[in-house]
Structure formats: structure tokens, C-alpha cells
Amino acid sequence: MNLSERRSSLIQQIGTINDEQTLEMLQETLGYYTHNSGKDITDGLDKHQMQELLSLAQESDEKDTISEDDYKKMFARWGTK
């Protein structure tokens with residue numbers, strides 16, 4: 001699909017949207033990507049917020065996981081009458 005076809009397809013899809021929240025989301029997204037002037041989403045963060053974001057990104061993916069057996073033990077009483 002070339003650029004012109006893609007643009008036409010998007011215009012048609014947008015024309016069928018009747019949900020105002022969806023249209024607002026699209027408008028905000030378009031505004032960000034067309035007017036960001038090379039800004040990054042983190043540019044508006046202060047030093048503390050940036051440190052917190054970096055520490056969260058470096059956390060282990062399995063930090064808050066539990067075993068299947070522990071899960072079953074925790075929720076066993078919910079499965080009973």
C-alpha cells in the first residue's frame with residue numbers, strides 16, 4: 001500500500017468513528033507525532049521522575065511473580081463452596 005492509498009484508507013476509517021473519546025485519542029496522538037519537534041516523551045519529566053522510570057525499567061521482569069503452587073494455595077478457598 002503506497003502513501004496515498006494508506007492516507008485515503010485512514011481518512012475513510014476515521015470518517016466512520018462515532019465515539020468522541022476515540023477521536024480525541026487520535027487527535028492527541030496525531031498532535032504528538034506531528035508537532036513534537038524531536039522531543040521525547042521523557043523530556044517533561046523532572047530528575048526524580050526520570051530516576052524512578054529508569055529504576056522501574058531495570059527491575060527484573062519476574063520481581064513480583066509467584067509460583068503456580070503458591071498461587072493455587074492463595075486462591076484455593078475461592079474455589080470451594
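Let's start with Glu68: its relative accessible area is 55%, so Glu68 is exposed. Exposed means over 50% relative accessible area, buried means under 20%, and partly exposed lies in between, with a 1.4 Å probe and protein chains only.

A word on the model. It is predicted, so local features need pLDDT of at least 70 and side-chain atom pairs count only at pLDDT 80 or more, while totals for chains, interfaces and linings use all residues. Residues are numbered from 1 along each chain as its sequence is written, and side-chain values use heavy atoms, with hydrogens and water left out.

Back to Glu68. What does Glu68 form with Lys72? A salt bridge, with the closest N and O atoms 3.4 Å apart. The rule for a salt bridge is a side-chain nitrogen of Lys or Arg within 4 Å of a carboxyl oxygen of Asp or Glu. Both residues sit in helix H4, four residues apart, about one turn of the helix. Helices here are DSSP runs (H or I, at least four residues; strands are E, at least two), numbered from the N terminus. Lys72 has 48% relative accessibility, so Lys72 is partly exposed.

How many salt bridges are there by this rule? Two. Lys63 and Glu59 also meet in one, at 3.4 Å from N to O. Lys63 is partly exposed, because its relative accessible area is 49%. Glu59 is partly exposed too, at 32%.

Next, the aromatic rings. A pair of rings is described by the distance of the centres and the angle of the planes. Rings of Phe, Tyr and Trp (its six-membered ring) pair if their centres lie within 6.5 Å; planes under 30 degrees apart are stacked, over 60 edge-to-face, and the rest tilted. The count is two aromatic pairs. Take Tyr71 and Phe75: the centres are 4.9 Å apart and the planes are at 45°, so this pair is tilted. Ring pairs link Tyr71, Phe75 and Trp78 into a cluster. Tyr71 is partly exposed at 47%. Phe75 is partly exposed at 30%.

Ile66, Tyr71, Met74, Phe75 and Trp78 make a nonpolar patch of about 570 Å². Patches take residues with over 30% relative accessible area and no salt bridge; like charges are joined within 9 Å, and nonpolar side chains (Val, Leu, Ile, Met, Phe, Trp, Tyr) within 5 Å. The areas come from the Shrake-Rupley method with a 1.4 Å probe, and for residues only the protein chains shown count as cover. Where is Ile66 found? In the loop between H3 and helix H4 (68-74). Ile66 is partly exposed, at 48%.

Now helix H3, residues 47-58. Its 12 residues should span 16 Å at 1.5 Å a residue, and the end C-alpha atoms are 17 Å apart, which agrees. The expected span is 1.5 Å times one less than the number of residues. Asp46 caps the N-terminal end of H3, with a side-chain oxygen 3.1 Å from the backbone nitrogen of His48.

Last, helix H2, residues 20-35. The 16 residues should span 22 Å, and the end C-alpha atoms are 22 Å apart, so the two agree. Thr34 is exposed, at 54%.

Conventions
Polar contact = N/O pair within 3.5 Å; in protein donor to acceptor, adjacent residues only side chain to side chain.
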